[in-house]
Amino acid sequence: MSDKIILETDFKDLKLFRRGKVRDVYDLGDKLLVVSTDRISCFDVVLPNGIPFKGRVLTALSCFWFDFLKDLTKHHLITTDVEEYPQELKRYADDLDGRSMLVLKTKALPVECVVRGYLSGSGWKEYKEKQSICGVKLPSGLKESDKLPEPIFTPSTKADVGHDQNVDKKYIENSIGKEAADRISGLSLAIYKKAADYALTRGIIIADTKFEFGVHESKIILIDEVLTPDSSRFWPFDKYMPGKSQPSFDKQFVRDYLETLDWDKTPPAPSLPDDIISKTSLKYLEGYKRLVGRELE
């Protein structure tokens, strides 16, 4: 399989809403066009190389989950069918097909809704220091990658540039109000539990993930991407062994490679070797196949 790598879009007759680490978002009035490029970021730095099929996997997997979770929450996805897009987008069909979503424009809440079911990443580092994560006390004696007694909500601030900061639920309540904070924390945990139970039937552990929510017509709905390899840690269940880091179907593979380099994690990022790019692409594709049950179209 081969794929045209897109690192950046430049649709000059469309209004750029924002360019994130991975997505280019265009303003269409009451709607947004979200384009998933093949950019990859690690340690909050965008790398110079694209990952083949990455943008397509992010889009297709988000669509799968939006449909799977529709009984729990409304979401912002309208369609991914380019034939149903507004006329002014048709000229860009080749670049948009398979890697874009037409979505409702919402007022995004300034919170990264992180749910952790296992002890890994920044959560593991914080636990070793404080025996807690984001103010949530945890049992002593836990090992890296251990399953937590129950999933926990550990929010963070949302930064387009630089590092998100872990905060406690009280911080979120002060930022958006207690009612909204209770709503998004409850939704996040419910979504995680349903998705994690399903993923286990497909041989994948969802160790942790993050969600974003926005307000549309006075209702809080699920937005952005959902349960993708960029927003989650996916571990193969048959290789799970607590007490160490786990193999994964996400960009942890790239992070691990970068940790072997003499790089201070500030721009410019180093280029990735061809074999790391190829293996990363295969991990994204394999994660999709396992979760959805079929190859990426």
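A residue counts as buried under 20% relative accessible area, as exposed over 50% and as partly exposed in between, using a 1.4 Å probe and protein chains only. At 19% relative accessibility, Y198 is therefore classed as buried. The model is predicted, so local features need pLDDT of at least 70 and side-chain atom pairs count only at pLDDT 80 or more, while totals for chains, interfaces and linings use all residues. Residues are numbered from 1 along each chain as its sequence is written, and side-chain values use heavy atoms, with hydrogens and water left out.

**Aromatic pairs**

- Searching the whole structure gives 13 aromatic pairs, where rings of Phe, Tyr and Trp (its six-membered ring) pair if their centres lie within 6.5 Å, with planes under 30 degrees apart counted as stacked, over 60 as edge-to-face and the rest as tilted.
- One of these is the tilted pair of F68 and Y198, with 5.0 Å from centre to centre and 50° between the planes.
- Because F68 belongs to helix 1 (residues 54-68) and Y198 to helix 5 (residues 178-201), this pair ties together parts that are 130 residues apart in sequence; helices here are DSSP runs (H or I, at least four residues), numbered from the N terminus.
- F68 is partly exposed, at a relative accessible area of 22%.
- W124 and Y127 form a stacked pair, since their ring centres are 6.2 Å apart and their planes stand at 20°.
- These two residues, W124 and Y127, are three residues apart in helix 3 (residues 121-130), which means that about one helical turn separates them.
- W124 is buried at a relative accessible area of 15%, and Y127 is likewise buried, at 3% relative accessibility.
- A cluster linked by ring pairs comprises F64, W65, F68 and Y198.

**Charges over rings**

- The charged end of K194 sits over the ring of F68, 4.8 Å from its centre, the criterion being that NZ of Lys or CZ of Arg is within 6 Å of the ring centre and within 35 degrees of the ring normal.
- K265 lies over the face of F43, at 4.4 Å from the ring centre.
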